[in-house]
Amino acid sequence: FLLARAHIAMGKPDAASATIELIEPTSTKFEEAQRLLLEIELIEAAAGETPNHWKSQLAEDEKNPELRWALAGALLSLGKTEDSLKELLELLITNRKFRDDGPRRAMLAIFESIGINHELSHKYRKQMQIYL
């Protein structure tokens with residue numbers, strides 16, 4: 001997990017995915033690995049573009065869930081966790097079924113990543129529950 005997180009921090013999501021995929025389904029860490037893979041998927045959706053790139057795209061097509069997903073990933077890749085959670089919450093509100101309940105699952109993965117007792121986890125879990 002540390003190596004995968006280091007790859008993410010260095011902007012190498014493919015290497016992070018490859019590292020995490022080595023964890024066997026029988027491992028006690030498999031669920032945690034799946035959550036990290038979801039974070040990586042979110043970051044990969046940003047395709048290395050900046051949040052401003054995705055914001056400008058979203059301004060032209062506000063209802064496009066792929067653009068909001070990519071924006072959330074770009075923000076997360078820069079460590080802007082709260083901003084990423086805001087975008088995921090908006091996506092959950094407007095298109096919950098997107099990517100097989102992806103916004104909710106991504107938010108839960110982020111909560112696990114930052115710690116379930118982190119103030120952002122509490123704040124956005126409450127927000128999420130209002131809309132579920």
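The largest pocket holds about 360 Å³ of space. A pocket here is an open set of points on a 1 Å grid over the protein atoms alone, where a 1.4 Å probe fits, with protein on both sides within 12 Å along at least five of seven lines. Its volume is the space filled by probe spheres set on the points, which are joined across faces, edges and corners. The model is predicted: local features need pLDDT of at least 70, side-chain atom pairs count only at pLDDT 80 or more, and totals for chains, interfaces and linings use all residues. Residues are numbered from 1 along each chain as its sequence is written, and side-chain values use heavy atoms, with hydrogens and water left out.

Stay with the pocket. Its lining has 25 residues, and I8, I43, L76, S77 and L78 lie nearest the centre. Lining residues have an atom within 4 Å of a grid point. Helices α1 (2–9), α3, α5 and α7 each give at least two residues to this lining. The largest share, four residues, belongs to α5. By type, the lining divides into 13 nonpolar, eight polar and four charged residues. Nonpolar covers Ala, Val, Leu, Ile, Met, Phe, Trp, Tyr, Cys and Pro; charged covers Asp, Glu, Lys and Arg; the others, Gly among them, are polar.

Now the whole chain. The protein has eight helices and zero strands. Read from the N terminus, the order is α-α-α-α-α-α-α-α. Helices (H or I, at least four residues) and strands (E, at least two) are DSSP runs, numbered from the N terminus. The C-alpha atoms fill a box of roughly 40 × 30 × 25 Å along the principal axes. The radius of gyration is 14 Å, which agrees with the value near 14 Å for a compact globule of 132 residues. That radius is taken over C-alpha atoms, and the globule rule is 2.2 Å times the number of residues to the power 0.38.

Burial comes next. Of the 132 residues, 40% count as buried. Buried means under 20% relative accessible area, exposed over 50%, and partly exposed in between (1.4 Å probe, protein chains only). Among contacts with a separation of 6 or more, 51% join residues 24 or more positions apart. Contact means heavy atoms within 4.5 Å.

Take α3 (30–45). Its 16 residues should span 22 Å at 1.5 Å a residue, and the end C-alpha atoms are 23 Å apart, which agrees. The expected span is 1.5 Å times one less than the number of residues. A33, L36, L37, L38, E39, I40, L42 and I43 are the buried residues of α3. Their cover includes α1, α2, α5, α6 and α7. I43 is also among the residues nearest the pocket centre. After α3 comes A47, with a positive phi near 50°.

Helix α6 (residues 81–95) has 15 residues and reaches 20 Å from its first C-alpha to its last, close to the expected 21 Å. In α6, the buried residues are T81, S84, L85, E87, L88, L89, L91 and L92. Covering them are, among others, α3, α4 (51–60), α5 (65–77), α7 (102–114) and α8 (119–131).

R68 is in α5. This arginine counts as buried because its relative accessibility is 14%. Beyond its neighbours within four places in sequence, R68 is in contact with L58, E62, E87, E90 and L91. E87 and L91 are among the buried residues of α6.

H7 counts as buried, at 15% relative accessibility. Setting aside neighbours within four places, H7 is in contact with K12, P13, A15, A16 and T19. G11 is found in the loop between α1 and α2 (13–20). G11 is exposed, with a relative accessible area of 55%. G11 and Q34 are 23 residues apart in sequence and 19 Å apart in space, C-alpha to C-alpha.

The loop between α6 and α7 holds R99 and D101. Most residues other than glycine have a negative phi. R99 has a positive phi near 50°, and D101 has a positive phi near 70°. D101 is buried, with a relative accessible area of 15%.
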